[in-house]
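Good morning, everyone, and thank you for making time for this.

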Amino acid sequence: MNREKYDIDEIKELQKSINLMDPVDLAEIFEILSPYEIAIRIKLLNKDLLADTFALLSSSKKVDIIKTLSRENIMELIKELDEDELVDTLQELPANMVGKLMNHFIEEGRRPIINELLGYPDESVGSIMSVNFMSAKISRSIKDILNKVVTSDLDANKLEQIWITDNSLKLKGFVYLADLLRNVEKNVEFILHPINKTVSAYDDQEIVAKLAFRYDLSEIPVVDSENRLIGTVPAEWAIDVMVDEYNEDISNIHGITDIDDDSYMEVSNLKIAKNRITWLIICLITATMTGFIIKRYESTLATSVVLAAYIPMLMDSGGNAGSQASTTVIRALYIGEVDYHTILKVMLKELKIGFYVGIALVFINILRIFFMDSVSTQVMLTVSITLLITVMISKVIGGMLPLIADKFKIDPTVMAGPIITTIVDTVALLIYFEVASKLINL
């Protein structure tokens, strides 16, 4: 392996440049560097920046780095990691490495907190919250709180907002550091901001993203059953959750099983194929329903073969209409605008929307048939009526299924892709052939 040699001036320049970089950019560079190059940069980075960069690396790269570090460097790195970052790392590492780190490299005082955080369910608020925050009792003077801030070893970004509790440690609200500095002679109540919303450590992590978006919160407090503050989730972490949930939703909509956080180019083709094939098999099996329907109306098709030419258009129009409705309703679900109790209102609304959209599509389709196809009036009416009814029903189905899924604690996005398409295809064919049987007298 070729190793680039550095002279003293180059080392100094490298140290200066990398210590001015953002951890996100450093983590991207670390992912493609050789172990030798990473080792050099680890020695040159300041401790805080190294810890922030390490926390953003992929699990495989974290394992590689830990294997190359000396015992002293591992202890130093772990010391610089916040509890939440350390827990995230431990969850990604092999079990034997986790045991070694817990037994030999994590200080006794941190182990109870780490064990508690590790005990929260995956993708719960507790699994992502930070236990590093500043709190003070409402009975304390502003000067006392400021002295506590000055002597704290928390990072500056964790001291911008100080949480205020009563004497029983129950959460009352929060104050901003800037307000403390500007109102030293006043009481804490004068600058206290009430709490809009709190979450439990056992809530789904998606809730913090919804609250941060809805109420524009910079931090979301996590409380226990007695409303005592046990942690916080900063807004930037809520953004990460939103991205993760968005990626998961997109995967669900398109019937793709989660492939974790591995890079697309690094994941084996076989693994990606396995994660994509499940829904394709389900759709293949459920598509037999359309086959049965076509076989049932085989005599109808044989009498008027031209009907077959419009089947793809009707099925595609219905599937797209249903997907549009489900996507809109899922977004409204996410921001708390609708829920299962509003299902009838949603269905009625989508029925009206489907009527307007269907009329427009029918008009365009009639023009297309008139200028491009040579078919009878009965066939044109059959296609047009089917198109209108299919779009209306598809909109209702697309708006209804996510609400039903949410009611039964199923991810609504699962309903937004293959399931809606399969149901709508079946409904479209049934409507088509029934209308044809009546209008064309077959």
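This is a predicted model: local features need pLDDT of at least 70, side-chain atom pairs count only at pLDDT 80 or more; totals for chains, interfaces and linings use all residues.

Why is strand E2 (residues 161-165) largely enclosed by the rest of the structure? Five of the five residues of strand E2 are buried, so the strand is largely enclosed, where buried means under 20% relative accessible area with a 1.4 Å probe and protein chains only, and where strands are DSSP runs of E with at least two residues, helices being runs of H or I with at least four, both numbered from the N terminus.

Residues are numbered from 1 along each chain as its sequence is written, and side-chain values use heavy atoms, with hydrogens and water left out.

In a regular strand the side chains alternate between the two faces of the sheet. Here, Gln-161, Trp-163 and Thr-165 point one way from E2, Ile-162 and Ile-164 point the other way, and all are buried.

Let me turn to the neighbours of this strand. Strand E1 (residues 135-137) runs parallel to E2 and is joined to it by three bridges, pairing of two strands requiring at least two DSSP bridges between them. Lys-137 has Thr-165 as its bridge partner in E2, and Thr-165 in turn has Leu-171 as its bridge partner in E3. Strand E3 (residues 171-176) pairs with E2 in the antiparallel sense, over five bridges, and the two form a hairpin with five residues between them, where Leu-169 in the turn has a positive phi of about 70°.

Next come the aromatic rings. Rings of Phe, Tyr and Trp (its six-membered ring) pair if their centres lie within 6.5 Å, and planes under 30 degrees apart count as stacked, over 60 as edge-to-face and the rest as tilted. By this rule the count comes to six aromatic pairs. One of them is the tilted pair of Tyr-432 and Phe-433, with 5.6 Å centre to centre and 40° between the planes. Tyr-432 counts as buried because its relative accessibility is 1%, and Phe-433 counts as buried because its value is 0%.

Definitions and conventions. Buried means under 20% relative accessible area, exposed over 50%, partly exposed in between (1.4 Å probe, protein chains only).
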